[in-house]
Amino acid sequence: AHEIRNPLASISGSLQMLRRDGVAADRARADHLMGIVTKESERLSRIIEGFLDYARPEKLEAEPTDLVVLARETTDLLENSSELHTAHRLRVESATETVEAVVDGARVKQVFWNLARNALEAMPDGGTLTIRLLRADAGAEVVFEDEGRGMSGEQIDRIFRPFVSEGGTGLGLAVVYRIMEQHGARVEVESEPGKGSAFHLRFDDTNVPRPGEPVVVVEAATETATREFDELRRSVRKE
C-alpha cells in the first residue's frame, strides 16, 4: 500500500496543479507536471507487474537453453535503455561458445534483466557490469559482477525480501529469488561496501521440475506468514 500510495500522490498532486493553473498558462511547467504523471504511472505499472510476478506461481516450461544467448539479449536491451549511462560498460564473458542449462528461458531472462538493472542502479556514477558464464557438472553458473557501492552483511540478509530496496519497486530481487527457487537453483551474493557486488546463479539440471511435476516453492516463513501469503495469492487470482 505504501509503495502504491506514493506514486498516486504524485499523480494526484500534479493533476490538481494542472487543473488549477491550466495547461496554456505556463507550457514549460505543464510539460513538467505531465512528465511526472507519465513517470509515476509507469512506476505504478512496474509495481503491479512485479507484484504479480512475485505472488503468482508460474508453470515452468524448462528445456535446454543457451544462457549465453540470454545474457547477450539482456545487454542488447540495456544498451537501448535510458538506464544505461555513457559511463556504464557491459561485458559478457563465457568459458565456452555456448553454456546450456535446462531452464525456462523467459523466466531466467527476467532474472538476468532484474540483476542487470540492479547492477546499474548500484553504479550511479558509472562502472562495468560483467556477466560471466560457465558450464558446471550438472548445470551452469552465471555471475553478475558490478563495480557499485556494495552492501553490508545486514543488507545482504534483506535484499531478497519484497519492498526493502531504497529505489524502484523493491520487488526485482525478490522475483529473482522466487524464479531461482522454482528452478531448484541457488542464488548467492558476495559484496562489501565500496567494493561492488557479485550475484552467483547456480543452476542444476537435475533439480528442475519435469513436465507434469508440481513446482514446489519452499517458503522460509512462519506458519502465520505462510497463511497470510496464501490468502494474498488467492485474492490476486480472483482479480
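# Close-up views of a predicted model

**Figure 1. Helix α3 passes helix α4 in a right-handed crossing.** The model shown is predicted, so local features require a pLDDT of at least 70 and side-chain atom pairs a pLDDT of 80 or more, while totals for chains, interfaces and linings use all residues. Residues are numbered from 1 along each chain as its sequence is written, and side-chain values use heavy atoms, with hydrogens and water left out. A crossing is right-handed if the near helix is turned clockwise from the far one by less than a right angle, and left-handed if anticlockwise. Helices (DSSP runs of H or I, at least four residues) and strands (runs of E, at least two) are numbered from the N terminus. Helix α3 spans residues 67–79 and helix α4 spans residues 105–121; the two pack at an angle of about 45°, with 10 Å between their axes. Axes are lines fitted to C-alpha atoms, for helices over the stretch in contact, and angles run from 0 to 180 degrees between N-to-C directions. The pair α3 and α4 is therefore oblique (angles under 35 degrees count as roughly parallel, over 145 as roughly antiparallel, 65 to 115 as roughly perpendicular, and the rest as oblique).

**Figure 2. Residues at the contact of α3 with α4.** On the α3 side stand L67, L70, A71, E73, T74, L77 and L78, which meet G105, V108, K109, F112, W113, A116 and L120 of α4 (contact means heavy atoms within 4.5 Å). By class, the residues of this contact comprise 10 nonpolar, two polar and two charged (Ala, Val, Leu, Ile, Met, Phe, Trp, Tyr, Cys and Pro count as nonpolar, Asp, Glu, Lys and Arg as charged, and the others, Gly among them, as polar). An α-helix has 3.6 residues a turn, so residues three or four places apart point the same way.

**Figure 3. L78 and T75 in helix α3.** With a relative accessible area of 0%, L78 is buried (under 20% relative accessible area; over 50% is exposed and in between is partly exposed, with a 1.4 Å probe and protein chains only). Neighbours within four places in sequence aside, L78 is in contact with L84, L90, W113, A116, L120 and L129. Between L78 and L120, which lie 42 residues apart along the chain, the C-alpha atoms are 9.6 Å apart. T75 also counts as buried, at 8% relative accessibility. The C-alpha atoms of T75 and A116 are separated by 8.2 Å, although 41 residues along the chain lie between their positions in the count.

**Figure 4. The largest nonpolar core.** This core has 38 residues, and those with the most contacts inside it are L67, F144, F199, L201 and F203 (a nonpolar core is a set of buried Ala, Val, Leu, Ile, Met, Phe, Trp, Tyr and Cys residues joined through side-chain atoms within 4.5 Å). At least two residues of the core come from each of α3, β3 (100–103), α4, β4 (127–135), β5 (139–145), α6 (172–182), β6 (186–191) and β7 (197–204). Helix α4 supplies the largest share, seven residues. Not counting residues up to four places away in sequence, L67 touches V99, A101, V103, V108, F112, L133, A140, V142 and F203.

**Figure 5. Helix α4 passes helix α6 in a left-handed crossing.** These helices pack at an angle of about 150°, with their axes 9 Å apart. That angle makes α4 roughly antiparallel to α6. The contact joins R107, Q110, V111, N114, L115 and N118 of α4 to G172, L173, V175, V176, I179, M180 and Q182 of α6. Its residues are seven nonpolar, five polar and one charged. Nine of the 11 residues of α6 are buried, so the helix is mostly covered; among them are R178 and E181. After α6 comes G184, which has a positive phi near 70°.

**Figure 6. V208 in the loop between β7 and α7 (223–238).** V208 counts as buried, at 4% relative accessibility. In sequence V208 and V102 are 106 residues apart, whereas their C-alpha atoms are 7.2 Å apart in space.

**Figure 7. The protein chain as a whole.** The chain contains seven helices and seven strands, in the sequence pattern α-α-β-α-β-β-α-β-β-α-α-β-β-α. Of its 239 residues, 40% are buried. Among contacts between residues at least 6 apart in sequence, 75% join residues at least 24 apart.
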